[in-house]
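Here are my notes on the model, point by point. Have the coordinates open while you read, and check each spot as you go.

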4 protein chains.
Amino acid sequence: MSISDEKPWGGRFNHPTDRLVEEFTASIQFDKRLYRYDIEGSIAYCRMLAKQGIISSEEEEKIVSGLENILKDIEAENFAWTPDLEDIHMAVEKALIDRIGKAGEKLHTGRSRNDQVSLDMRLYLRDEVEKTLDLISALKSSILKAAKNEIDIILPGYTHLQRAQPVLLSHYLLAYREMLDRDEARLKECYDRINIMPLGSAALAGTSLPIDRGYVAELLNFPKITKNSMDAVSDRDFVAEFIFDASLLMMHMSRFCEDLVIWSSGEFGFVEISDSFTTGSSIMPQKKNPDVAELIRGKTGRVYGNLVSLLTVMKGLPMSYNRDMQEDKEPLFDTVDTVKGCLHILSEMAGNLKFNRERMLEAAAGGFSTATDVADYLVMKGVPFRESHGIVGRLVGYCIEKDRELSALTIEEFRKFYSGFDEDIYRCLTAEDSVNSRSSYGGTAKKAVLKRIEEIEGEAKGKGLKAKGKM
Amino acid sequence: MSISDEKPWGGRFNHPTDRLVEEFTASIQFDKRLYRYDIEGSIAYCRMLAKQGIISSEEEEKIVSGLENILKDIEAENFAWTPDLEDIHMAVEKALIDRIGKAGEKLHTGRSRNDQVSLDMRLYLRDEVEKTLDLISALKSSILKAAKNEIDIILPGYTHLQRAQPVLLSHYLLAYREMLDRDEARLKECYDRINIMPLGSAALAGTSLPIDRGYVAELLNFPKITKNSMDAVSDRDFVAEFIFDASLLMMHMSRFCEDLVIWSSGEFGFVEISDSFTTGSSIMPQKKNPDVAELIRGKTGRVYGNLVSLLTVMKGLPMSYNRDMQEDKEPLFDTVDTVKGCLHILSEMAGNLKFNRERMLEAAAGGFSTATDVADYLVMKGVPFRESHGIVGRLVGYCIEKDRELSALTIEEFRKFYSGFDEDIYRCLTAEDSVNSRSSYGGTAKKAVLKRIEEIEGEAKGKGLKAKGKM
Amino acid sequence: MSISDEKPWGGRFNHPTDRLVEEFTASIQFDKRLYRYDIEGSIAYCRMLAKQGIISSEEEEKIVSGLENILKDIEAENFAWTPDLEDIHMAVEKALIDRIGKAGEKLHTGRSRNDQVSLDMRLYLRDEVEKTLDLISALKSSILKAAKNEIDIILPGYTHLQRAQPVLLSHYLLAYREMLDRDEARLKECYDRINIMPLGSAALAGTSLPIDRGYVAELLNFPKITKNSMDAVSDRDFVAEFIFDASLLMMHMSRFCEDLVIWSSGEFGFVEISDSFTTGSSIMPQKKNPDVAELIRGKTGRVYGNLVSLLTVMKGLPMSYNRDMQEDKEPLFDTVDTVKGCLHILSEMAGNLKFNRERMLEAAAGGFSTATDVADYLVMKGVPFRESHGIVGRLVGYCIEKDRELSALTIEEFRKFYSGFDEDIYRCLTAEDSVNSRSSYGGTAKKAVLKRIEEIEGEAKGKGLKAKGKM
Amino acid sequence: MSISDEKPWGGRFNHPTDRLVEEFTASIQFDKRLYRYDIEGSIAYCRMLAKQGIISSEEEEKIVSGLENILKDIEAENFAWTPDLEDIHMAVEKALIDRIGKAGEKLHTGRSRNDQVSLDMRLYLRDEVEKTLDLISALKSSILKAAKNEIDIILPGYTHLQRAQPVLLSHYLLAYREMLDRDEARLKECYDRINIMPLGSAALAGTSLPIDRGYVAELLNFPKITKNSMDAVSDRDFVAEFIFDASLLMMHMSRFCEDLVIWSSGEFGFVEISDSFTTGSSIMPQKKNPDVAELIRGKTGRVYGNLVSLLTVMKGLPMSYNRDMQEDKEPLFDTVDTVKGCLHILSEMAGNLKFNRERMLEAAAGGFSTATDVADYLVMKGVPFRESHGIVGRLVGYCIEKDRELSALTIEEFRKFYSGFDEDIYRCLTAEDSVNSRSSYGGTAKKAVLKRIEEIEGEAKGKGLKAKGKM
């Protein structure tokens with residue numbers, strides 16, 4: 001007895017699949033998320049089969065309306081998902097045959113789940129990359145807005161978490177915008193590698209049926225088709241690449257969140273996150289915790305883990321499709337959800353930060369953060385930099401010993417360390433002077449930062465136009 | 001206006017939590033899995049509060065029966081899980097207060113979610129390690145049974161996937177049993193580090209209330225309590241250690257599955273996996289694929305990814321509890337499910353393999369796999385090993401050129417390469433002779449393998465007795 | 001007492017660096033590899049300082065010739081690398097001051113090691129990406145050449161390591177070429193993000209000195225400069241991106257090598273790797289092991305590990321530069337060496353493979369690998385695909401039971417399963433017919449493969465021209 | 001022509017190894033680190049061969065003294081390491097044969113590099129684990145000493161980097177000691193799995209020669225021998241386990257270092273790291289950077305990466321030895337060096353920290369860190385905890401609005417929030433009272449901490465005695 005009535009692939013089998021095996025191998029519980037793309041792809045494929053005369057136009061209409069009905073039912077939550085359906089492809093196909101009979105049995109002609117799943121994943125990820133790009137845009141806008149609003153706030157720039165040199169808060173914020181620009185660029189390039197139509201590769205070797213791959217691509221709005229059927233069914237580069245791009249994006253957000261956590265400590269007190277974006281303690285009544293920032297930072301680990309999962313799965317797999325590759329989906333779905341969730345909430349939170357201008361300025365003025373300015377002052381007086389660095393180092397040592405700030409020293413005290421100091425040295429010692437002196441391109445001077453903001457706004461305008469033609 | 005009526009921790013807050021934030025920070029959707037342990041821990045904690053006079057015995061009974069009712073409702077799927085409940089601890093506590101009023105507000109006395117979640121995780125993982133150990137035992141039994149049944153099958157042992165020397169299939173199978181022995185040992189040691197009671201650490205500093213930690217430990221059957229409250233709330237070593245142990249376990253299974261995949265190829269043909277443990281192709285009618293083995297191999301990547309996630313989350317976190325640590329749960333739960341699922345199905349599958357004795361023996365006899373035996377033969381005749389290795393190397397080269405096997409050479413041909421060959425050389429040339437000559441402890445000779453089986457059965461008996469006293 | 005005489009940054013310090021600390025923090029032992037780029041960058045920087053009047057042209061000449069001499073000495077291995085030099089920047093600067101005195105103390109004016117190391121890394125990696133791209137080209141050529149030479153070899157295409165459908169060896173080989181095309185594209189995009197000039201960002205805030213960043217970029221052949229000084233000194237995206245691109249590249253090579261290892265087993269016997277690319281055993285005289293393929297496969301783990309290292313290092317680092325970032329170098333250098341080494345040796349090895357045409361064809365003919373063709377045959381006769389799949393499944397089951405191949409069945413036997421079979425069914429049953437029927441674009445038919453080869457050769461010509469303008 | 005004169009395994013080869021291949025596959029450049037263990041193992045093996053009559057006692061003496069001479073030469077740096085030697089095993093064996101002739105050719109009798117390298121790795125790692133344990137001990141002592149010295153310092157305990165409750169610095173420090181206790185326990189268990197003698201497993205199947213494995217174990221001080229030859233040559237669990245244990249150890253250190261970095265910021269100002277353990281800036285004269293702490297934190301990524309490398313290498317490898325496994329060495333060696341270096345320097349640094357008692361106390365007193373104490377106070381007055389939490393939450397809100405501390409409120413103000421407040425509330429409001437109230441086992445009260453210190457000192461004494469019998 002054959003089991004062909006139960007499994008669409010069961011013709012040669014004598015024993016039914018073990019129940020345990022069925023559950024272990026099923027992907028329907030997570031790949032049902034692809035239903036819309038699976039149906040969209042099947043409709044296009046079916047239209048092509050008809051155009052090529054492989055099925056009749058009557059069959060075409062039956063299949064298309066059957067698929068559309070299934071879609072409606074799924075979206076109305078009227079569709080019974082049972083574990084024995086294996087995966088989204090079988091679930092849809094089986095439902096189709098149940099509903100329209102014989103014609104439904106023709107849909108899978110010349111197609112394999114191997115190329116079908118690649119198509120579904122590409123359609124899905126194409127959408128999700130677009131959404132992710134929108135969310136990056138929103139976060140970039142949120143940052144730009146804050147940078148414009150807070151243009152006069154000065155805080156210490158840190159290296160090694162030690163106060164280094166005063167910078168504008170806007171300059172600091174725009175640094176994150178630069179990172180997001182790179183993330184955006186990488187994702188767009190990834191998008192181009194996703195946006196390729198694999199159908200027609202069949203199981204691994206292509207098909208002998210007279211299909212028209214270009215037409216399917218056209219219907220589904222793909223600018224390119226894959227060039228080698230074996231590669232097409234065994235390629236998951238586009239998934240790995242997306243997860244890597246997401247990893248860097250999470251890394252960038254984790255750094256911003258680390259700063260927010262540190263800045264909202266009582267000791268720094270640079271920022272207050274609004275009540276709506278913090279939570280309390282079940283035991284300590286006074287607590288207001290930056291949970292959102294911590295969770296974003298923590299979720300970075302999750303995305304890194306997803307990257308490692310997929311890279312491990314793919315390493316050393318023989319050609320071409322292997323079932324291990326089913327393990328690409330959950331890491332991808334989880335990455336998409338995580339990165340979108342984090343981008344969304346960070347945009348909102350970033351727009352609701354209350355910066356403590358006084359604490360920041362006070363900190364920027366302390367800690368000898370204008371020492372480099374003094375060294376540069378001497379350089380302009382002709383002292384070689386290394387020598388001037390040494391002089392200022394000793395000056396700072398003297399201040400620490402006497403517990404004083406540089407600006408509190410008399411000109412005579414300055415001259416003990418180098419005779420060439422003049423009264424104009426006092427013009428280098430405030431945080432504001434320091435910031436504004438750094439006016440080379442990319443520097444923190446207000447005028448440099450404003451220039452960069454202007455550039456960004458110019459680009460955005462240009463891109464807006466270009467973007468229309470793009471996706 | 002305060003939001004204290006909505007959130008148990010809301011006293012100091014002026015604005016309600018953003019809905020988005022609520023969803024982003026909630027863990028209830030996955031940590032509800034801990035409900036049984038959360039309630040069990042709360043019951044024990046409440047009993048202790050009563051014993052210490054912190055609550056009355058009337059309150060104790062109310063709380064305990066309230067918690068028991070909640071447990072019943074959850075198990076009967078009569079409990080409404082709503083996202084605003086944040087986490088399992090809040091969900092249970094809120095339900096309790098809703099049901100029993102004021103008394104319920106006393107349960108959290110002297111306790112924090114920080115020590116509570118550690119307790120829940122330890123109770124949960126203690127159970128799951130026990131289940132995992134049972135599944136390892138089952139797989140070990142399945143392997144042992146096969147090793148005993150197939151004691152006469154000879155196959156080529158491979159290094160570099162090249163035939164190296166003939167071995168018994170039983171010897172091969174028992175190699176995997178050794179790996180599982182180590183996995184078991186590691187998990188038991190991990191168990192001891194899980195099995196420590198953290199409650200009483202409160203938020204991070206301990207509590208000023210007169211609690212009795214030892215009594216809680218006793219009620220919950222913990223042999224030890226944690227020794228430092230700050231460490232107790234910030235420690236996730238036991239989670240990472242479990243995931244690592246699971247990673248090695250998956251790695252071992254992945255190797256076995258790699259062999260099964262290779263062996264069930266048409267070219268090797270060493271094993272047939274039963275129909276019930278394979279699946280077919282949606283396009284190719286002849287296919288019978290070792291999907292289960294492939295998926296286990298693939299799922300190794302998943303567990304590795306979980307390990308990386310958690311290690312990344314914990315790296316560089318300041319003391320003590322940080323919200324990032326909420327990200328410990330999903331990797332752990334996924335690892336538990338994955339490793340248990342794989343162990344279970346591999347046990348079943350390993351008991352349903354049909355080995356092809358003829359193909360294996362034929363392969364073992366070919367490929368010059370007794371060349372080392374010839375070299376050892378010469379060693380026993382006094383030829384230094386390096387010299388004998390060279391002689392046999394040339395012999396093999398000669399055979400390849402002439403397309404013959406070693407056993408097909410005449411004694412004259414042997415003597416062309418070394419004059420000391422005698423007729424007894426032919427006794428070294430069959431796979432069976434070769435196997436049985438390797439009789440040193442741990443070797444593949446039938447008598448060595450039988451001895452090892454005897455040892456294992458002896459240990460199992462001994463352990464059976466010891467084990468009773470253990471967990 | 002100050003320690004300024006010993007350390008260029010020692011002005012404010014009262015105690016010398018602990019010897020142990022000096023060794024622990026030093027990077028000179030590995031970053032000396034950057035010497036050429038460090039000097040090249042310093043020369044350009046010095047030329048700009050002179051152009052801007054910050055140093056005199058006399059000082060400029062002293063510095064440039066000093067640096068050139070140091071370069072010569074290093075390349076002649078006449079340079080003393082001592083551990084107390086900290087890093088390559090300090091080593092070169094100190095040597096310069098020792099040689100040319102005061103003028104040397106002016107080189108570091110307006111510059112920090114934070115922007116300097118970013119420059120060095122970008123110069124270095126720009127070179128290495130170019131070399132890597134050349135090696136990818138070579139491997140692609142090697143594959144193309146083999147694809148052209150072996151155009152008539154047919155082997156089974158595998159899915160799940162089970163024979164699926166016959167394919168051309170050339171088609172199989174070109175699948176790897178597709179992967180390399182993607183690797184190449186990713187690396188070129190990464191190159192554009194490397195190729196940006198960071199100098200002038202100074203420590204983190206830019207500089208107050210009147211430098212000309214564009215001029216430095218011009219001298220060093222950079223098309224762009226960085227736009228935000230804080231981002232510039234804390235960005236290691238380009239390093240992570242390169243290591244990821246290398247990870248995918250290694251993954252692709254690992255898959256090819258997995259196939260080579262399996263194919264060179266005695267059981268498959270599809271390929272013989274030449275003696276020069278294999279090694280032997282210290283104990284088994286007959287062994288010839290595919291070590292090179294195994295090592296490439298293994299080294300994939302190494303590159304993955306490097307990726308994880310860097311991602312972990314960067315996660316959650318506060319702005320801007322932190323010393324943790326020194327840990328970017330060894331993973332990068334190791335990745336560069338590994339990926340170049342593997343590409344090089346794989347190119348050579350791929351050109352020295354001896355395919356066993358007969359074994360491959362024999363395998364392709366067996367295992368019912370034309371079953372899909374029979375199903376497609378029925379489809380063209382009007383049988384719905386699902387039904388035809390079931391018919392052929394039962395046919396295969398029948399053959400297995402009777403131990404026969406499809407081509408050995410009589411037409412009567414075919415008709416027992418479906419009455420519509422005609423004599424022309426026999427034209428679907430050979431591996432060659434099967435291959436050649438799959439002629440849709442991207443398929444394995446000889447004519448499709450030849451078309452793809454033609455395309456590739458066309459592109460190569462086109463790209464050759466375009467490429468000239470590019471790098 | 002054979003190449004047997006050049007390669008000890010070259011008998012069957014017709015073509016010499018490609019030079020490139022030789023370099024690519026050689027491990028001598030890194031595994032020469034194992035020379036001492038390789039020679040020690042060979043001496044023991046040779047003694048056993050003689051005892052068993054496989055070689056003569058004359059040969060034994062020649063071999064032993066030859067090996068001892070080689071050892072001396074290597075240690076005196078009089079040994080020529082050339083790349084064509086492949087690996088440490090071949091290098092030593094070849095040198096031996098060069099020096100003592102024929103007898104040297106007998107050393108490898110019944111042995112393979114597969115079991116030999118396992119032995120070398122186990123001998124090496126056994127030593128290194130012992131050294132690592134010593135370094136952990138030293139760090140634990142350093143922490144204990146600081147905990148005893150600073151017993152009266154109070155600082156805020158943090159959760160979410162927000163001040164939570166006051167704790168003793170000693171309590172904080174001892175939390176790290178707990179982590180190190182677990183690290184120690186894990187390493188000792190790992191040690192037991194390293195400490196097993198694999199020789200006699202030969203290539204993979206054991207040997208037919210009459211060797212005595214137990215005698216080799218005895219000579220090399222191994223309490224156990226491996227039980228299955230195939231497992232023995234393909235097992236790298238002990239390497240992975242060590243790297244994982246090292247990963248957790250690094251993670252613990254990374255957390256301590258994160259705190260040190262944050263605490264040494266100007267804003268926290270809790271700790272000053274001594275000049276000898278910090279470094280300066282090449283541009284900013286005032287900087288004193290916690291580089292050592294940052295580097296330890298960063299090097300955590302490196303060890304995580306090593307773990308991923310090895311796990312990736314081992315995943316899905318077929319039985320038994322595969323050349324991929326050569327890639328186990330560099331990750332292991334790097335991990336050993338990294339973890340030892342970090343432990344060593346952190347011990348030194350931890351002993352040289354200057355804590356700022358005033359800043360810490362001031363911070364502990366601020367930020368409403370005794371709010372939980374007030375809540376607990378109400379609990380003891382009979383207020384249910386949830387209610388009391390709400391009352392105190394509102395009190396804190398009131399204080400924030402009025403910009404006052406809890407201790408500055410009048411009793412009337414307290415009573416506005418709850419009528420039952422009494423004058424004794426003021427006894428809950430200082431950091432010192434708060435700390436000392438938390439006296440349950442494991443809590444931060446001075447008396448609880450002193451008790452724990454006493455326990456530790458007691459254990460140390462006990463362990464000292466036990467330890468003698470152990471290793």
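1. Leaving aside neighbours within four places in sequence, Glu258(B) is in contact with Arg297(B), Glu258(C), Gly316(D), Leu317(D) and Pro318(D), contact meaning heavy atoms within 4.5 Å. Glu258(B) sits in helix α10 of chain B; helices here are DSSP runs (H or I, at least four residues), strands are E runs of at least two, and both are numbered from the N terminus. With 3% relative accessibility, Glu258(B) counts as buried (buried is under 20% relative accessible area, exposed over 50%, partly exposed in between, with a 1.4 Å probe and protein chains only).

2. Some ground rules before going on. This is a predicted model, where local features need pLDDT of at least 70, side-chain atom pairs count only at pLDDT 80 or more, and totals for chains, interfaces and linings use all residues. Residues are numbered from 1 along each chain as its sequence is written, chains are lettered from A and ligands numbered from 1 in the order in which they are written, and side-chain values use heavy atoms, with hydrogens and water left out.

3. On confidence: the model scores ipTM 0.95 and pTM 0.96. Chain A averages a pLDDT of 93, and 96% of its residues score at least 70; pLDDT is the predictor's confidence in each residue, from 0 to 100. Residues 1–5 of chain A have pLDDT below 50, and this stretch has 13 contacts in the model beyond near neighbours in sequence. Residues 465–471 of chain A also stay under 50, with five contacts beyond four places in sequence.

4. Now the charges. Arg302(B) is buried at 12% relative accessible area, while Asp334(B) is partly exposed at 21%.

5. In chain D, look at the salt bridge between Arg122(D) and Asp235(D), 3.2 Å from N to O. Arg122(D) lies in helix α6 (residues 113–149) of chain D and Asp235(D) in the loop between α9 (229–234) and α10 (237–263) of chain D, so the bridge ties together parts 113 residues apart in sequence. Both Arg122(D) and Asp235(D) are buried.

6. Another one in chain D joins Arg452(D) and Glu459(D) at 3.5 Å, N to O. Here Arg452(D) is buried, at 5% relative accessible area, and Glu459(D) is partly exposed, at 34%. Elsewhere, salt bridges that share partners form a network whose members include Arg122(A), Asp235(A), Arg182(C) and Glu189(C).

7. The interface of chain C and chain A deserves a look. The two chains bury about 9300 Å² between them, 60% of it on carbon and sulfur atoms; that is accessible area (1.4 Å probe) lost on being put together, summed over both parts. The contact takes 111 residues from chain C and 111 residues from chain A. Across this interface there are 17 salt bridges. Asp237(C) and Arg182(A) meet in a salt bridge of 2.9 Å, N to O.

8. Aromatics next. There are 63 aromatic pairs over all chains (ring centres of Phe, Tyr and Trp, its six-membered ring, within 6.5 Å; planes under 30 degrees apart are stacked, over 60 edge-to-face, the rest tilted). Phe244(B) and Phe244(D) are stacked, 4.3 Å centre to centre with 0° between the planes. This pair crosses between chains, from helix α10 (residues 237–263) of chain B to helix α10 of chain D. Phe244(B) and Phe244(D) are both buried.

9. Finally, Ala202(A), in the loop between β3 (196–197) and α8 (213–219) of chain A. At 1% relative accessibility, Ala202(A) is buried. Its C-alpha is 5.5 Å from that of Asp115(A), 87 residues away along the chain. Beyond four places in sequence, the contacts of Ala202(A) include Gly110(A), Thr207(A), Val233(A) and Ile283(B).

Methods. Salt bridge = Lys/Arg side-chain N within 4 Å of Asp/Glu carboxyl O.
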